[in-house]
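Hello,

Here is the structure we talked about handing over. Please load it before reading on.

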Amino acid sequence: MPLDLERFRAAYDQWVEESLPDYQAGKMDQIVKKYPFVVPDDIPWTPYRGKPADQTFGLVTSGGLYLKGSQEPFDTVSIHGDTTFREIPKTVRQEDIGIAHPHYDHGLAQQDVNVVFPAQRLVEMEEERIIGRFAETCYSFSYVNDVITLIEKTIPDLISRLKARSVDVLLLVPV
């Protein structure tokens, strides 16, 4: 089922108008119940084909990760969320990662970032030749309510970057 963006836009605009006071008051449980989630009739699954040892793997997290000192944190104030992403090198050290995502407890991720960003595990799998290659650049999102900008702008940009890096398999790690 194709997404009717105009229909969603109207529902989303109404949700923002009605939910903004609760959002500003920190009543997330109230506004999530009213969010106009997109529910497709079907999911276009693609069966896995090939051998991991012959393929390039990519990694995307919604953990709100950014590089301290060199990247701007995500916008954590807007009801719309932040539709941008951050590029994170696969060899990043835990101490160089900041978290800008207001809607989950960061405790476990601060102890071991692999909980939300298993880059170290994928590097190990690459070294052990379990996977062919782990792409040099990974990607992080924070929370996003503005699905329209995400679909029209951000996702095409991300897909272009993944294709340029010859990613065959993309691991999505939601928080």
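This is a predicted model: local features need pLDDT of at least 70, side-chain atom pairs count only at pLDDT 80 or more; totals for chains, interfaces and linings use all residues.

Numbering starts from 1 along each chain as its sequence is written, and side-chain values use heavy atoms, with hydrogens and water left out.

Cores. A nonpolar core here is a set of buried Ala, Val, Leu, Ile, Met, Phe, Trp, Tyr and Cys residues joined through side-chain atoms within 4.5 Å. Buried means under 20% relative accessible area (1.4 Å probe, protein chains only). The largest core has 21 residues. Leu59, Leu65, Val116, Phe117 and Phe134 have the most contacts inside it. At least two residues each come from β1 (56-61), β2 (65-67), β4 (97-99), α4 (119-127) and β7 (169-173). Helices (H or I, at least four residues) and strands (E, at least two) are DSSP runs, numbered from the N terminus. α4 gives the most, with three residues. A second, separate core has 12 residues, including Phe8, Tyr12, Val16 and Tyr143.

Take Val116. Beyond its neighbours within four places in sequence, Val116 is in contact (heavy atoms within 4.5 Å) with Thr61, Leu65, Tyr104, Ala109, Val173 and Val175.

Helix α1. α1 spans residues 5-24 and has a kink of about 45° at Glu18, shortly before Pro21. That bend is the angle between axes fitted to the seven residues ending there and the seven starting there. The buried residues of α1 are Leu5, Phe8, Tyr12, Trp15, Val16, Ser19, Asp22 and Tyr23. Their cover includes α2 (28-34) and α5 (147-164). Just after α1, Gly26 takes a positive phi of about 80°.

Phe85. Where does Phe85 sit? Phe85 is in the loop between β2 and β3 (86-89). Phe85 counts as buried because its relative accessible area is 14%. Its C-alpha atom is separated by 5.4 Å from that of Ser140, 55 residues apart along the chain. Leaving aside neighbours within four places in sequence, the contacts of Phe85 include Phe74, Tyr139, Phe141, Leu158 and Arg161.

Cavity. On a 1 Å grid over the protein atoms alone, a cavity is a set of points where a 1.4 Å probe fits but cannot get out; lining residues have an atom within 4 Å of a point. Points are joined across faces, edges and corners, and a volume is the space filled by probe spheres set on the points. The structure holds one cavity of 30 Å³ or more. The largest cavity has a volume of about 40 Å³. Among its lining residues are Lys90, Arg93, Ile97 and Phe117.

Best wishes

Conventions
Buried means under 20% relative accessible area, exposed over 50%, partly exposed in between (1.4 Å probe, protein chains only). On a 1 Å grid over the protein atoms alone, a cavity is a set of points where a 1.4 Å probe fits but cannot get out, and a pocket is an open set with protein on both sides within 12 Å along at least five of seven lines; lining residues have an atom within 4 Å of a point.
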